[in-house]
Amino acid sequence: MRITLLGTGSPIPDARRAGPSTLVTADGLTLLIDCGRGVLMRLVAAGVLPPMLDGLLITHLHSDHITDLGDVITTRWVMSPVARPLTVVGPSGIRDVVDHTLASLAPDVRYRIDHHDDLTEGPSVTAVEVEPGDTFEMGSATIRVGATDHRPVEPTVAFRVEVGDRSVVMGGDGVPCAGLDELCRDADAYVQTVIRDDLVKLVPVQRLQDILDYHSTVAQAAQTAARNGVGTLLLTHYVPGMQPGQEDEWRAFATPHFSGPIVLGDDLTAVDL
Ligand SMILES: [Zn+2]
Ligand SMILES: [Zn+2]
């Protein structure tokens with residue numbers, strides 16, 4: 001199994017970091033988790049074209065995690081020589097988001113169908129709404145859904161992707177909670193979005209201060225990993241954006257709590273399990 005941090009940015013535009021998105025590949029599995037800004041540029045850099053995806057998982061409906069949903073849908077549709085339906089799995093509300101995204105694409109769909117004789121139908125997208133405790137199959141993976149705590153944003157979920165004897169938890173946004181702990185137990189890897197509270201607190205902007213209460217700090221992510229016997233901890237969605245050469249500074253907030261491998265990096269950082 002390979003985990004690729006496609007986009008390690010956040011809502012704050014960053015010239016070097018695409019929005020939140022992660023790719024999980026394994027034998028018989030090509031899975032995209034969240035689809036933030038610039039996802040397809042990073043996806044193709046990782047050697048994957050949109051028609052190759054077995055599905056798309058969405059952790060929650062914050063805009064930074066779904067910004068490029070329209071691009072994923074459209075590009076998969078126009079690049080597939082034969083119709084290749086896309087399944088989008090997310091928490092309650094994902095169906096509305098998919099429906100409205102498709103509605104916004106209607107003129108484009110009409111133009112292309114009118115112009116290309118071999119294109120007779122618009123994109124086929126199935127939205128599946130899940131909740132904590134659900135389990136489903138996608139490609140060669142068994143996927144479990146867990147609760148996260150990103151309140152007041154609700155509902156939000158995390159996913160545990162298992163292929164053969166390998167497992168990775170996509171924690172999404174949020175603070176530590178029992179649901180995330182349960183999902184992370186003995187996972188080979190755990191991907192968590194993080195903030196540096198020490199740096200965010202220095203910025204005298206209330207709108208930024210507001211994010212402190214619903215994101216894991218680097219230390220909290222490390223504690224979640226340690227508490228649940230995780231193998232490798234991957235950090236992403238850096239707020240503020242991690243600057244070149246700052247990886248060790250960020251890592252230093254995690255190492256007192258977690259003794260396993262800790263992965264931080266730029267977009268396209270990959271880990272093989
Ligand atoms: Zn969020
Ligand atoms: Zn986010």
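**Helix packing, sheet order and local backbone features**

Helices H3 and H5 are roughly parallel to each other, since angles under 35 degrees count as roughly parallel, over 145 as roughly antiparallel, 65 to 115 as roughly perpendicular and the rest as oblique. The model is predicted: local features need pLDDT of at least 70, side-chain atom pairs count only at pLDDT 80 or more, and totals for chains, interfaces and linings use all residues. Residues are numbered from 1 along each chain as its sequence is written, chains are lettered from A and ligands numbered from 1 in the order in which they are written, and side-chain values use heavy atoms, with hydrogens and water left out.

H3 and H5 (residues 106-115) pack at an angle of about 10 degrees. Their axes are 12 Å apart. Axes are lines fitted to C-alpha atoms, for helices over the stretch in contact, and angles run from 0 to 180 degrees between N-to-C directions. H3 contributes Thr 74, Trp 77 and Val 78 to the contact (heavy atoms within 4.5 Å). From H5 come Asp 108, Val 109, Arg 112 and Ile 113. By class, the contact of H3 with H5 has four nonpolar, one polar and two charged residues. Here Ala, Val, Leu, Ile, Met, Phe, Trp, Tyr, Cys and Pro count as nonpolar, Asp, Glu, Lys and Arg as charged, and the others, Gly among them, as polar.

Helices (H or I, at least four residues) and strands (E, at least two) are DSSP runs, numbered from the N terminus. Seven strands form an open sheet in the order E6-E5-E4-E3-E2-E1-E14. The pairing is mixed; two strands pair if DSSP finds at least two bridges between them. E6 (125-129) and E14 stand at the edges. Each has a single partner strand, so one side of each is left without a neighbour in the sheet. From one strand to the next, the twist averages 20 degrees.

Strand E5 (residues 86-90) and E6 run parallel and are joined by five bridges. Val 88 stands opposite Ala 127 in E6. Helix H4 (residues 94-104) packs on the sheet and touches E5 and E6. The direction of H4 makes about 160 degrees with that of E6. H3 (residues 69-79) lies across E3, E4 (55-57), E5 and E6. H3 runs at about 160 degrees to E5.

The structure holds one aromatic pair. The rings of Tyr 238 and Trp 250 have their centres 5.3 Å apart and their planes at 75 degrees, so the pair is edge-to-face. Rings of Phe, Tyr and Trp (its six-membered ring) pair if their centres lie within 6.5 Å; planes under 30 degrees apart count as stacked, over 60 as edge-to-face and the rest as tilted. Tyr 238 lies in strand E12 and Trp 250 in helix H10, twelve residues apart. Both residues are buried, where buried means under 20% relative accessible area, exposed over 50% and partly exposed in between (1.4 Å probe, protein chains only).

Two cis peptide bonds can be described. The bond from Val 239 to Pro 240 is cis, with omega near -5 degrees. Pro 240 sits in the loop between E12 (232-239) and H10 (247-251). The bond from Glu 154 to Pro 155 is also cis, again with omega near -5 degrees. Pro 155 occupies the loop between E8 (141-147) and E9 (157-163).

Positive phi values occur at non-glycine residues, among them Asp 34, at about 65 degrees. Asp 34 lies in the loop between E3 (29-33) and helix H1 (39-45). At 5% relative accessibility, Asp 34 counts as buried. Leu 268 has a positive phi near 80 degrees. The loop holding Leu 268 lies between E13 (262-263) and E14 (269-272). Leu 268 is partly exposed, with a relative accessible area of 34%.
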